[in-house]
Amino acid sequence: MRGLTRGQARRVAIAAQGFLDPRPEPFGATMRHVQRVIDRVGVVQIDSVNVVARSQYLPFFSRLGPYDTALLDRARDRAPRRLVEYWAHEASLIPPSTWPLLDHRMRQAETKAWGGMRRVLAEKPELVESVFAEVVARGPLTARQVETALAHDVPRMKDHWGWNWSEVKDCLEYLFWAGRISSAGRTSQFERRYAALEVTPPPAFRDAWVNRPGPEHDPDRYLELVRIAARAHGVGTERCLADYFRIGRAHARPAIERLVADGELIPVSVPGWQPAWLHAEARIPRRVHAEALLSPFDSLVWQRDRIHALWDFHYRIEIYTPAHRRVHGYYVLPFLHGEALVARCDLKADRAAGVLRCHRVTWQPGAPMEARAALHRNLDSMADWLGLDGVLVSAQAETGDGGGGADRSGTEKPASAARG
């Protein structure tokens with residue numbers, strides 16, 4: 001078995017995720033640059049929280065610097081679609097070619113979808129079909145637009161069956177989960193626009209699902225999902241490779257064995273980590289220097305055991321933690337500097353005031369002094385990207401415990417290079 005140091009494994013992971021690719025000039029990115037990130041990461045997680053920016057936009061900023069987010073919207077919403085939405089890691093944007101590979105999840109909708117979806121399917125199957133017909137006839141539509149269309153086409157009949165908005169939403173989510181309808185993007189209010197399969201994804205990939213052969217658990221499709229995860233990770237354990245698309249480890253394991261047999265994955269040992277596999281085409285740089293503020297939903301930091309093992313970095317999302325129990329803040333972005341995760345930054349885009357607020361920075365023990373200046377540069381760059389006038393850092397924002405302490409935010413002062 002080949003051996004890798006933890007430093008080598010970190011550098012492999014950073015390179016595989018696209019952080020060493022050349023960046024364009026600020027706001028100079030083209031669709032080619034966006035596609036390069038898509039090809040690198042394979043999955044971009046979506047989340048509704050908009051404290052800094054919607055989460056799908058942040059991984060592209062982290063790898064490209066300031067760019068026009070309309071490029072990502074166009075990749076998702078306009079033909080030829082480079083991205084479609086589905087449940088991949090969580091709610092995610094994925095290349096159309098990946099969509100049919102998640103067939104097993106679509107087939108499980110009747111038994112694995114959330115309770116409200118299963119309940120409306122069992123109790124009001126006719127409503128499910130009416131909602132499906134409205135999307136096919138009138139889509140793309142938001143849930144509220146579907147409800148309005150139903151009120152005209154299928155009135156609530158007291159002597160037969162009625163319905164309400166939440167039931168319409170459950171129908172739509174079931175149909176989306178089952179792969180019977182898709183999404184044509186999101187509104188500015190983050191509402192999904194449900195669409196017929198004739199709209200999205202492209203016909204070749206749609207047909208690959210509609211005409212899908214074989215059993216529900218098709219080994220070849222799991223093989224492709226693990227292959228994408230292995231390339232995106234560069235190096236990973238069985239848990240890493242299974243978690244990327246949230247597939248069972250029992251399905252990931254045979255796929256890993258096949259990729260090892262074919263020479264695509266190489267067994268490696270990394271001190272303090274579980275048995276791992278290196279992608280045969282992964283770069284192993286001797287040294288790297290990357291600088292990036294990372295979304296809490298960035299694929300580099302999805303698997304918490306992974307970043308603890310490779311970077312000795314404990315990270316948890318504290319959005320749902322009561323304020324008095326938060327350790328590092330509400331919306332905390334890890335900061336990548338060199339090959340290390342050196343800090344956690346609690347940020348908020350205050351659009352009314354026109355500033356990016358940095359409530360708190362918690363530095364890892366041993367973080368180099370030059371990382372402080374680098375963080376300010378990256379905060380300024382993020383403010384530029386968000387169209388804000390500058391950065392305001394809490395006067396007592398910076399701590400150095402790396403793992404805890406009370407919130408020390410106080411009065412604010414401009415960052416060293418703030419523009420406001």
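At what angle do helix α1 and helix α12 pack, and how far apart are their axes? In this predicted model, helix α1, formed by residues 6-16, packs against helix α12, formed by residues 219-233, at an angle of about 110 degrees. The axes of the two helices are 6 Å apart. Angles of 65 to 115 degrees count as roughly perpendicular, so α1 is described as roughly perpendicular to α12. On the side of α1, the contact is made by Val12, Ala13 and Ala16; on the side of α12, Arg231, Ala232 and His233 take part. Of the residues in this contact, four are nonpolar, one is polar and one is charged.

Charged side chains were examined next. The model contains 26 salt bridges. One of them pairs glutamate 85 with arginine 186, with the closest N and O atoms 2.5 Å apart. Because glutamate 85 belongs to strand β3 (residues 84-87) and arginine 186 to strand β5 (residues 181-186), this pair ties together parts that are 101 residues apart in sequence. Both glutamate 85 and arginine 186 are buried.

A salt bridge is also formed between glutamate 173 and arginine 192, where the closest N and O atoms are 2.6 Å apart. Glutamate 173 is located in helix α10 (residues 165-177) and arginine 192 in strand β6 (residues 192-196), so the parts tied together by this pair are 19 residues apart in sequence. Glutamate 173 and arginine 192 are likewise both buried.

Arginine 221 forms a salt bridge with aspartate 218, and the closest N and O atoms of this pair are 3.5 Å apart. A residue is classed as buried when its relative accessible area is under 20%. Arginine 221 therefore counts as buried, at 11% relative accessibility, and aspartate 218 is buried because its relative accessible area is 15%. Elsewhere, salt bridges that share partners join Glu85, Lys169, Glu173, Arg186 and Arg192 into one network.

Arginine 304 presents a further case. This residue is placed in helix α15, which comprises residues 304-311. Arginine 304 is buried, yet it has no salt bridge. The nearest side chain of opposite charge belongs to aspartate 243, at a distance of 8.6 Å, whereas a salt bridge requires the nitrogen and oxygen atoms to be within 4 Å. When neighbours within four places in sequence are left aside, arginine 304 is in contact with Pro296, Tyr315, Arg316 and Ile317.

How values were computed. Residues numbered from 1 in each chain as written. Predicted model: local features only at pLDDT ≥ 70, side-chain atom pairs only at ≥ 80, totals over all residues. Heavy atoms only, no water. Axes fitted to C-alpha atoms, helices over the stretch in contact; angles between N-to-C directions. Helix = DSSP H or I, 4+ residues; strand = E, 2+ residues; numbered from the N terminus. Parallel < 35°, antiparallel > 145°, perpendicular 65-115°, else oblique. Contact = heavy atoms within 4.5 Å. Nonpolar A, V, L, I, M, F, W, Y, C, P; charged D, E, K, R; others polar. Buried < 20%, exposed > 50% of the residue type's maximum accessible area, 1.4 Å probe, protein only. Lys, Arg positive; Asp, Glu negative; His and termini not counted.
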